Amino acid sequence: MPIRVTVWGENVHERKSKAVAEVYPATMHGTIAAALNAEAGITATTVTLQDPEHGMTEARLAQTDVLIWWGHAAHGEVADSVADRVCAAVWAGMGIIFLHSAHFSKPFKRLMGTPCNLSWREAGERERLWVTSRQHPIARGLPDHFEIEHEEMYGEPFGVPEPLETVFISWFQGGEVFRSGLTWRRGAGNIFYFRPGHETYPTYHQPLVQRVIANAVRWAHNPEARIADPTAAPNRPVGRTLEPVTERGPRLHHDGEAGLR
Ligand code: ZN
(Lines give C-alpha, C1' and ligand atoms only; values in the text may rest on other atoms or scores of the structure.)
Protein backbone atom coordinates (compact mmCIF):
# COMPACT_ATOMS: atom_id res chain seq x y z
CA MET A 1 0.00 0.00 0.00
CA PRO A 2 1.47 3.38 -0.95
CA ILE A 3 1.52 6.19 1.62
CA ARG A 4 -1.50 8.39 0.87
CA VAL A 5 -0.58 12.07 1.10
CA THR A 6 -3.00 14.98 0.90
CA VAL A 7 -1.41 18.36 0.17
CA TRP A 8 -3.56 21.19 1.55
CA GLY A 9 -3.00 24.46 -0.29
CA GLU A 10 -4.40 27.81 0.68
CA ASN A 11 -4.38 28.68 -3.04
CA VAL A 12 -4.81 32.44 -2.55
CA HIS A 13 -1.56 34.03 -3.68
CA GLU A 14 -1.26 31.74 -6.72
CA ARG A 15 -4.48 33.32 -8.00
CA LYS A 16 -3.97 36.91 -6.84
CA SER A 17 -0.24 37.54 -7.30
CA LYS A 18 1.36 37.50 -10.75
CA ALA A 19 4.79 36.95 -9.17
CA VAL A 20 3.62 33.82 -7.36
CA ALA A 21 1.74 32.46 -10.39
CA GLU A 22 4.91 32.82 -12.47
CA VAL A 23 7.01 30.88 -9.96
CA TYR A 24 4.29 28.25 -9.45
CA PRO A 25 2.23 27.95 -12.67
CA ALA A 26 1.00 24.57 -11.38
CA THR A 27 0.27 26.10 -7.91
CA MET A 28 2.38 25.44 -4.82
CA HIS A 29 0.34 22.46 -3.64
CA GLY A 30 0.34 21.06 -7.18
CA THR A 31 4.13 21.38 -7.37
CA ILE A 32 4.64 19.70 -3.99
CA ALA A 33 2.24 16.86 -4.91
CA ALA A 34 3.90 16.30 -8.30
CA ALA A 35 7.32 15.93 -6.67
CA LEU A 36 5.89 13.41 -4.20
CA ASN A 37 4.18 11.44 -6.96
CA ALA A 38 7.61 10.94 -8.58
CA GLU A 39 8.62 8.99 -5.43
CA ALA A 40 8.17 5.24 -5.12
CA GLY A 41 5.52 4.24 -2.60
CA ILE A 42 3.83 7.63 -2.24
CA THR A 43 0.62 8.86 -3.86
CA ALA A 44 -0.21 12.52 -3.36
CA THR A 45 -3.36 14.47 -4.14
CA THR A 46 -4.37 18.05 -3.38
CA VAL A 47 -7.22 19.96 -1.77
CA THR A 48 -7.61 23.70 -1.21
CA LEU A 49 -9.16 26.19 1.16
CA GLN A 50 -11.84 26.89 -1.45
CA ASP A 51 -13.12 23.29 -1.54
CA PRO A 52 -16.22 22.39 0.52
CA GLU A 53 -15.11 22.05 4.16
CA HIS A 54 -11.69 23.18 2.83
CA GLY A 55 -11.28 19.67 1.43
CA MET A 56 -10.92 18.32 4.96
CA THR A 57 -14.01 16.13 5.27
CA GLU A 58 -14.02 13.19 7.69
CA ALA A 59 -13.87 10.85 4.69
CA ARG A 60 -10.87 12.62 3.24
CA LEU A 61 -8.98 12.63 6.53
CA ALA A 62 -9.72 8.93 7.00
CA GLN A 63 -8.00 8.28 3.66
CA THR A 64 -4.98 10.46 4.45
CA ASP A 65 -1.88 8.90 5.99
CA VAL A 66 0.10 12.15 5.95
CA LEU A 67 -1.29 15.68 5.52
CA ILE A 68 0.88 18.55 4.27
CA TRP A 69 -0.32 22.07 5.12
CA TRP A 70 0.73 25.32 3.44
CA GLY A 71 -1.10 28.55 4.30
CA HIS A 72 -0.23 32.22 4.72
CA ALA A 73 -2.79 34.88 3.83
CA ALA A 74 -6.02 33.22 4.93
CA HIS A 75 -5.39 31.35 8.20
CA GLY A 76 -8.44 33.09 9.67
CA GLU A 77 -10.72 31.76 6.91
CA VAL A 78 -10.17 28.17 8.01
CA ALA A 79 -13.25 27.12 9.98
CA ASP A 80 -12.60 26.28 13.64
CA SER A 81 -14.53 23.02 13.18
CA VAL A 82 -12.17 22.00 10.37
CA ALA A 83 -9.09 22.88 12.44
CA ASP A 84 -10.49 20.76 15.31
CA ARG A 85 -11.12 17.87 12.92
CA VAL A 86 -7.54 18.02 11.61
CA CYS A 87 -6.15 18.00 15.17
CA ALA A 88 -8.32 15.00 16.10
CA ALA A 89 -7.02 13.13 13.04
CA VAL A 90 -3.44 13.86 14.19
CA TRP A 91 -4.19 12.59 17.71
CA ALA A 92 -5.60 9.45 16.08
CA GLY A 93 -2.36 8.82 14.17
CA MET A 94 -2.37 10.84 10.95
CA GLY A 95 1.06 12.31 10.22
CA ILE A 96 1.23 16.04 9.45
CA ILE A 97 3.85 18.32 7.91
CA PHE A 98 3.52 22.07 8.32
CA LEU A 99 5.42 24.15 5.76
CA HIS A 100 6.76 27.68 6.14
CA SER A 101 4.01 30.18 7.10
CA ALA A 102 1.79 27.33 8.29
CA HIS A 103 3.46 28.12 11.63
CA PHE A 104 0.54 30.51 12.13
CA SER A 105 -2.17 28.13 10.86
CA LYS A 106 -4.98 27.13 13.22
CA PRO A 107 -4.09 23.40 13.27
CA PHE A 108 -0.42 24.10 14.07
CA LYS A 109 -1.18 26.62 16.81
CA ARG A 110 -3.71 24.26 18.37
CA LEU A 111 -1.33 21.30 18.31
CA MET A 112 1.49 23.40 19.79
CA GLY A 113 -0.58 25.34 22.34
CA THR A 114 1.85 28.28 22.18
CA PRO A 115 1.97 31.57 20.20
CA CYS A 116 4.27 30.10 17.46
CA ASN A 117 5.65 33.61 16.83
CA LEU A 118 8.98 34.45 15.16
CA SER A 119 10.81 37.36 13.52
CA TRP A 120 10.86 37.75 9.74
CA ARG A 121 12.18 39.77 6.80
CA GLU A 122 11.23 39.52 3.13
CA ALA A 123 14.49 40.38 1.34
CA GLY A 124 15.24 37.40 -0.89
CA GLU A 125 18.40 36.62 1.06
CA ARG A 126 20.37 33.37 1.14
CA GLU A 127 19.31 30.65 3.58
CA ARG A 128 21.80 27.95 4.57
CA LEU A 129 20.29 24.88 6.21
CA TRP A 130 22.55 22.77 8.43
CA VAL A 131 21.66 19.19 9.27
CA THR A 132 21.80 18.98 13.08
CA SER A 133 20.65 15.36 13.38
CA ARG A 134 22.75 13.31 10.99
CA GLN A 135 21.04 9.97 11.74
CA HIS A 136 17.50 11.27 11.44
CA PRO A 137 15.35 9.67 8.68
CA ILE A 138 14.28 13.14 7.50
CA ALA A 139 17.95 13.97 6.75
CA ARG A 140 18.53 10.78 4.74
CA GLY A 141 20.50 11.39 1.53
CA LEU A 142 21.25 15.03 2.35
CA PRO A 143 24.66 16.72 2.48
CA ASP A 144 25.81 18.32 5.75
CA HIS A 145 24.31 21.60 4.60
CA PHE A 146 22.56 23.09 1.58
CA GLU A 147 21.54 26.53 0.44
CA ILE A 148 18.43 28.21 -0.88
CA GLU A 149 19.57 31.29 -2.78
CA HIS A 150 16.43 33.39 -2.23
CA GLU A 151 14.25 33.04 0.82
CA GLU A 152 12.31 35.00 3.39
CA MET A 153 14.10 35.16 6.75
CA TYR A 154 12.52 33.59 9.84
CA GLY A 155 14.45 34.29 13.04
CA GLU A 156 14.55 32.97 16.59
CA PRO A 157 13.03 32.97 19.10
CA PHE A 158 10.42 30.62 17.61
CA GLY A 159 7.52 30.40 20.07
CA VAL A 160 6.94 26.66 20.01
CA PRO A 161 7.29 23.97 22.70
CA GLU A 162 10.70 22.30 22.91
CA PRO A 163 10.69 19.80 20.01
CA LEU A 164 11.46 16.08 20.21
CA GLU A 165 14.23 16.53 17.65
CA THR A 166 15.82 19.39 15.76
CA VAL A 167 16.73 18.15 12.29
CA PHE A 168 17.78 21.45 10.68
CA ILE A 169 19.00 24.86 11.75
CA SER A 170 19.00 27.70 9.21
CA TRP A 171 21.39 30.61 8.94
CA PHE A 172 20.40 33.73 7.01
CA GLN A 173 22.55 36.32 5.29
CA GLY A 174 21.30 39.01 7.64
CA GLY A 175 22.76 37.09 10.59
CA GLU A 176 19.72 35.42 12.17
CA VAL A 177 19.36 31.71 12.85
CA PHE A 178 16.22 29.57 13.08
CA ARG A 179 15.33 25.99 14.03
CA SER A 180 13.99 25.13 10.60
CA GLY A 181 13.20 21.41 10.91
CA LEU A 182 11.46 20.29 14.11
CA THR A 183 9.51 17.21 15.20
CA TRP A 184 6.82 16.63 17.79
CA ARG A 185 4.32 13.91 18.62
CA ARG A 186 0.77 14.68 19.66
CA GLY A 187 -1.29 11.63 20.59
CA ALA A 188 -0.37 9.00 17.97
CA GLY A 189 0.44 11.61 15.32
CA ASN A 190 3.91 12.56 14.13
CA ILE A 191 4.38 16.27 13.38
CA PHE A 192 7.15 17.89 11.35
CA TYR A 193 7.61 21.61 10.78
CA PHE A 194 9.81 22.61 7.82
CA ARG A 195 10.57 26.30 7.42
CA PRO A 196 11.45 27.04 3.74
CA GLY A 197 8.81 27.91 1.17
CA HIS A 198 7.99 31.60 0.81
CA GLU A 199 5.63 31.83 -2.14
CA THR A 200 7.55 34.33 -4.28
CA TYR A 201 10.67 32.11 -4.49
CA PRO A 202 11.06 28.77 -6.35
CA THR A 203 11.91 26.83 -3.15
CA TYR A 204 9.61 23.86 -3.77
CA HIS A 205 11.19 23.26 -7.19
CA GLN A 206 14.54 22.63 -5.51
CA PRO A 207 15.45 18.89 -5.46
CA LEU A 208 16.92 18.86 -1.92
CA VAL A 209 13.83 20.60 -0.55
CA GLN A 210 11.69 17.98 -2.30
CA ARG A 211 13.93 15.29 -0.76
CA VAL A 212 13.30 16.65 2.75
CA ILE A 213 9.52 16.67 2.21
CA ALA A 214 9.51 13.11 0.82
CA ASN A 215 11.69 11.90 3.71
CA ALA A 216 9.37 13.64 6.15
CA VAL A 217 6.32 11.92 4.63
CA ARG A 218 7.94 8.52 5.19
CA TRP A 219 8.95 9.48 8.73
CA ALA A 220 5.55 10.92 9.66
CA HIS A 221 3.59 7.92 8.37
CA ASN A 222 2.52 5.80 11.34
CA PRO A 223 0.98 2.67 9.78
CA GLU A 224 0.34 1.01 13.16
CA ALA A 225 -1.84 3.74 14.55
CA ARG A 226 -5.34 4.83 13.81
CA ILE A 227 -7.06 5.22 17.14
CA ALA A 228 -10.84 5.12 16.73
CA ASP A 229 -11.66 7.86 19.23
CA PRO A 230 -8.58 9.66 20.54
CA THR A 231 -10.75 11.90 22.74
CA ALA A 232 -12.51 9.03 24.60
CA ALA A 233 -12.43 9.42 28.40
CA PRO A 234 -14.44 6.47 29.79
CA ASN A 235 -15.50 5.97 33.42
CA ARG A 236 -14.22 2.65 34.87
CA PRO A 237 -16.46 2.26 37.97
CA VAL A 238 -16.06 0.02 41.02
CA GLY A 239 -17.63 -3.35 40.19
CA ARG A 240 -16.02 -3.45 36.76
CA THR A 241 -12.37 -3.34 37.85
CA LEU A 242 -9.86 -6.08 37.00
CA GLU A 243 -9.09 -6.56 40.72
CA PRO A 244 -11.58 -5.93 43.56
CA VAL A 245 -11.70 -2.31 44.74
CA THR A 246 -13.66 -1.17 47.79
CA GLU A 247 -15.32 2.19 47.46
CA ARG A 248 -14.17 4.69 50.10
CA GLY A 249 -14.89 8.32 50.79
CA PRO A 250 -17.45 10.65 49.25
CA ARG A 251 -18.44 10.53 45.60
CA LEU A 252 -19.81 13.18 43.25
CA HIS A 253 -20.71 11.09 40.21
CA HIS A 254 -23.53 8.54 39.82
CA ASP A 255 -23.35 5.18 38.10
CA GLY A 256 -24.44 5.36 34.51
CA GLU A 257 -23.34 8.95 34.17
CA ALA A 258 -21.56 9.84 30.97
CA GLY A 259 -17.76 9.79 31.05
CA LEU A 260 -16.06 12.53 32.99
CA ARG A 261 -14.55 14.98 30.55
ZN1 ZN B 1 6.62 33.67 3.67
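**Hairpins, a covered helix and an enclosed strand**

Visitor: In the hairpin of β7 and β8, which residue takes a positive phi near 115 degrees?
Guide: This is a predicted model. Strand β7 (residues 165–172) and strand β8 (residues 177–186) run antiparallel, joined by 6 bridges. S170 stands opposite F178 in β8. There are 4 residues between the strands of this hairpin, and the residue with the positive phi is G175.

Visitor: How many residues lie between β8 and β9 in their hairpin?
Guide: β8 pairs with strand β9 (residues 189–194) in the antiparallel sense, over 6 bridges. R186 stands opposite G189 in β9. G187 in the turn has a positive phi of about 60 degrees, and the number of residues between β8 and β9 is 2.

Visitor: Which residue is the bridge partner of V66 in β4?
Guide: V66 belongs to β3 (66–70). Strand β4 (residues 95–99) runs parallel to β3, and 5 bridges join them. The partner of V66 in β4 is G95.

Visitor: Which residue in β3 does T6 stand opposite?
Guide: T6 lies across from β3. β1 and β3 pair in the parallel sense, over 5 bridges. The residue opposite T6 is L67.

Visitor: Is β3 largely enclosed or exposed?
Guide: In a regular strand, side chains alternate between the two faces of the sheet. In β3, V66, I68 and W70 point one way, L67 and W69 point the other way, and all are buried. That makes 5 of the 5 residues buried, so the rest of the structure leaves β3 largely enclosed.

Visitor: How many of the 10 residues of α3 are buried?
Guide: Helix α3 is mostly covered. What covers its buried residues includes β1 (3–9), α1 (13–16), β2 (42–48), β3 and α7. The buried residues are M28, H29, T31, I32, A33, A35 and L36.

Visitor: Are α3 and α7 roughly parallel or roughly perpendicular?
Guide: The axes of helix α3 (residues 28–37) and helix α7 (residues 207–220) come within 10 Å and cross at roughly 70 degrees. Angles of 65 to 115 count as roughly perpendicular. The two helices are therefore roughly perpendicular.

Visitor: In which hand does α3 pass α7?
Guide: I32, A35 and L36 in α3 meet Q210, I213, A214 and V217 in α7. Those contact residues divide into 6 nonpolar, 1 polar and no charged. The crossing of α3 past α7 is right-handed.

Methods
Residues are numbered from 1 along each chain as its sequence is written. This is a predicted model: local features need pLDDT of at least 70, side-chain atom pairs count only at pLDDT 80 or more; totals for chains, interfaces and linings use all residues. Axes are lines fitted to C-alpha atoms, for helices over the stretch in contact, and angles run from 0 to 180 degrees between N-to-C directions. Angles under 35 degrees count as roughly parallel, over 145 as roughly antiparallel, 65 to 115 as roughly perpendicular and the rest as oblique. A crossing is left-handed if the near helix is turned anticlockwise from the far one by less than a right angle, and right-handed if clockwise. Two residues are in contact if their C-beta atoms, placed from the backbone, lie within 7 Å. Ala, Val, Leu, Ile, Met, Phe, Trp, Tyr, Cys and Pro count as nonpolar, Asp, Glu, Lys and Arg as charged, and the others, Gly among them, as polar. A residue is buried if 20 or more other C-beta atoms lie within 10 Å of its own, exposed if 12 or fewer, and partly exposed in between; C-beta atoms are placed from the backbone. Two strands pair if DSSP finds at least two bridges between them.
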